[in-house]
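User: I have a protein model open and would like to go through it step by step. Could we begin with one local detail and work outwards?

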Amino acid sequence: MEHEMVLEQEQILEHEKVLENEKVLEHEKVLVLDFGGQYNQLIARRVREQNVYAEILPYTVGLDRILAENYKGIILTGGPKSVYGENAALFERALFEAGIPILGICYGAQVMAQVLGGAVRPAGVREYGSTVIRYNGASKLFAQVRPKSICWMSHTDYIAELPEGFTVTATTESCPCAAMECEERGLYAVQFHPEVNHTQQGTEILRAFLFDVCGCAGDWIMSDFVERSIEKLREQIGDRRVLCAMSGGVDSSVAAVMIHKAVGKQLTCVFVDHGLLRKNEGDDVERIFRGQFDMNLVRANVEERFLSKLAGVTDPETKRKIIGEEFIRVFEEEAKKIGEIDYLVQGTIYPDVIESGTGDAAVIKSHHNVGGLPKDISFKGIIEPLRDLFKDEVRKAGLTLGIPEDLVWRQPFPGPGLAVRIMGDITPSKLSILRDADAIFREEIRSAGLDRDINQYFAVLTDVRSVGVMGDGRTYDYLLALRGVTTTDFMTADYAKIPYDVLDKVSRRIVNEVGHINRIVYDITSKPPATIEWE
Ligand code: XMP
């Protein structure tokens, strides 16, 4: 996540041709047609977990585009609206007559019913949560599941009348049509959510759709995908030169290693070490990428330059701005030294490019990205080798490529680095205190086996000093805060319930081993109202 450079929309359009060329990795695939529900990415990930490639498109996409893609099957997702409401999200009937197997989920099931001439009405009883369901085992979808089980429901409308040719294949106490199908036409619908864990044997139901209904082979395997991507990149890049801003974060590392495998030293990675990284981080990046992978890595050691620009600056936004701008300047200077560049690498991943089914434009990265793209470097195109992958798949690809597990599982780290974890002005001595304290915290979290459960955890050096006592003497030293959060998307987060004995050990070690800290607090606010970082 750090210091990723993000293209302005016009720059993306300018390079659209390059992106299209790059997208042609042929394999069987399933379409997740997005009607705006909350589980849409989850559905695509569940399909991919079965080694079937799934992509998400909004329901507003035209039928022609769908037909041109040769999908093995289509899944209609849930959605927030009513199919009979004004401006309801629907799809033309021809979709259901194209001979492609379709599975409608929740709202998607109601779309199928409505468009094909059935009726959807407000339910007398709103079903929400775990619900007992009875399946008809004669259905291909339910042949492998127990006849009576638990499913996850979340609906206020229900299918009151079936379209012609359909039969009911599952019921609950308050839902007479919890599933319906028309086997000859390959059309299936479930009112519940097979993709969420609360639905028992939901995976079996999705598998039955993919393998028994759609006839998928399940041949989307990460190692093959990585290999094919590398071949494709090699073809696309030819003998041209590629530049990558390496941050040591997961995405830029995996992208860079993939390109390196394709074109070796035609790739140059520039790693801007602004001196605001965690303990040993800069050296680790150098060791792994130059040492282990023998990559062309330029490390710009510009700590002094950054610290002198930041001297005396206390306002968080000003700090961020200075770092963002300076980062781009350094990157540009280094790129110029390298000479002519043809392609620039972006670590864009699939959630960044999904067009949303709720009508909002795709959000290209979050508010944090630093400084935009260098304006002074000319290049012909952008390469985005991770464009098709979810974050967990990027990690899998990283492991497949031989990137060390520590790096692949690295927690996110903000572009402005420790500058936003030191309240007030930044000095070399504060940086050194924070680095040591943070390293101890991370070490203890890891040795307690909590590092995969807590999504982000770090220390913050506050600007507060308080009185303490050590030995016989009075101290007047810094207050350190520890922060640990659990989250799925970093947009909202809960504070991690770290066991007291772990906190206790961390606190003792930091006070004993790091100078100038005499008091430690643990941050117990969620996001919102707090943010994850302190600045
Ligand atoms: P907040 O503090 O906004 O952070 O709750 C949400 C997530 O974003 C990370 N973060 C950044 N990432 N550049 C980045 O690449 C930044 O400037 C930046 N600021 C915050 C933060 O670490 C958390 O994971």
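Predicted model: local features only at pLDDT ≥ 70, side-chain atom pairs only at ≥ 80, totals over all residues.

User: What should the 14 residues of α8 span, and how far apart are its end C-alpha atoms?

Analyst: Helix α8 covers residues 250-263. At 1.5 Å a residue it should span 20 Å, and its end C-alpha atoms are 20 Å apart, so the two values agree.

User: How many residues of α8 are buried?

Analyst: Of its 14 residues, 13 are buried, so α8 is largely enclosed by the rest of the structure.

User: Which other helix has a glycine with a positive phi just after it?

Analyst: Helix α13 is one such case: G402, just after it, takes a positive phi of about 90°.

User: Which residues of α13 are buried, and what covers them?

Analyst: The buried residues of α13 are E393, V394, R395, A397 and G398. What covers them includes α3 (40-49), α7, α8 and α14 (405-408).

User: You mentioned α7. At what angle do α7 and α13 pack?

Analyst: Two packed helices are described by the angle between their axes and the distance between the axes. Here, α7 (residues 222-237) and α13 (residues 391-400) pack at an angle of about 75°, and their axes are 9 Å apart. An angle of 65 to 115 degrees counts as roughly perpendicular, and α7 and α13 are therefore roughly perpendicular to each other.

User: Which residues meet there?

Analyst: From α7, the residues are M222, S223 and V226; from α13, they are E393, K396, A397 and T400. By class, this contact has three nonpolar, two polar and two charged residues.

User: Is E227 buried or exposed?

Analyst: E227 is found in helix α7. Its relative accessible area is 52% and the cut-off for exposed is over 50%, so E227 is exposed. E227 and T199 are 28 residues apart in sequence, and their C-alpha atoms are 35 Å apart in space.

User: Let us change topic. Where does Y53 lie, and what does it touch?

Analyst: Y53 is in strand β2 (residues 53-58). It is buried, with a relative accessible area of 2%. Leaving aside neighbours within four places in sequence, Y53 is in contact with H27, E28, K29, V30, R48, W220 and D388.

User: How far is Y53 from D219?

Analyst: Along the chain, Y53 and D219 are 166 residues apart, yet their C-alpha atoms are separated by 8.5 Å.

User: And what about I322?

Analyst: I322 lies in helix α11 (residues 316-338). At 18% relative accessibility, I322 counts as buried, since buried means under 20%. Not counting residues up to four places away in sequence, I322 touches K309, L310 and V313. I322 and K261 are 61 residues apart along the chain, and their C-alpha atoms are separated by 35 Å.

User: Back to phi. Which residues other than glycine have a positive value?

Analyst: Most residues other than glycine have a negative phi. Among those with a positive value are C106, with a phi of about 55°, and N280, with a phi near 65°.

User: Where are these two, and is each buried or partly exposed?

Analyst: C106 is in the loop between β4 (102-105) and α5 (107-115), and at 6% relative accessibility it counts as buried. N280 is in the loop between β11 (267-273) and α9 (281-292). With a relative accessible area of 48%, N280 is partly exposed.

User: Which peptide bonds are cis?

Analyst: Most peptide bonds are trans. The cis bonds include the one from K527 to P528, with omega near -15°, and the one from P528 to P529, with omega near 10°. P528 is in the segment after β18 (517-522), and P529 lies in the segment after β18 as well.

User: Finally, into which domains is the protein divided?

Analyst: The protein is divided into domain 1 (24-213), domain 2 (222-408) and domain 3 (427-522). The centres of domain 2 and domain 3, taken over C-alpha atoms, are separated by 29 Å. The contact between them takes eight residues from domain 2 and nine residues from domain 3.

Conventions. Residues numbered from 1 in each chain as written. Heavy atoms only, no water. Axes fitted to C-alpha atoms, helices over the stretch in contact; angles between N-to-C directions. Helix = DSSP H or I, 4+ residues; strand = E, 2+ residues; numbered from the N terminus. Parallel < 35°, antiparallel > 145°, perpendicular 65-115°, else oblique. Contact = heavy atoms within 4.5 Å. Nonpolar A, V, L, I, M, F, W, Y, C, P; charged D, E, K, R; others polar. Expected span 1.5 Å × (residues − 1). Buried < 20%, exposed > 50% of the residue type's maximum accessible area, 1.4 Å probe, protein only. Domains from an automatic or database assignment.
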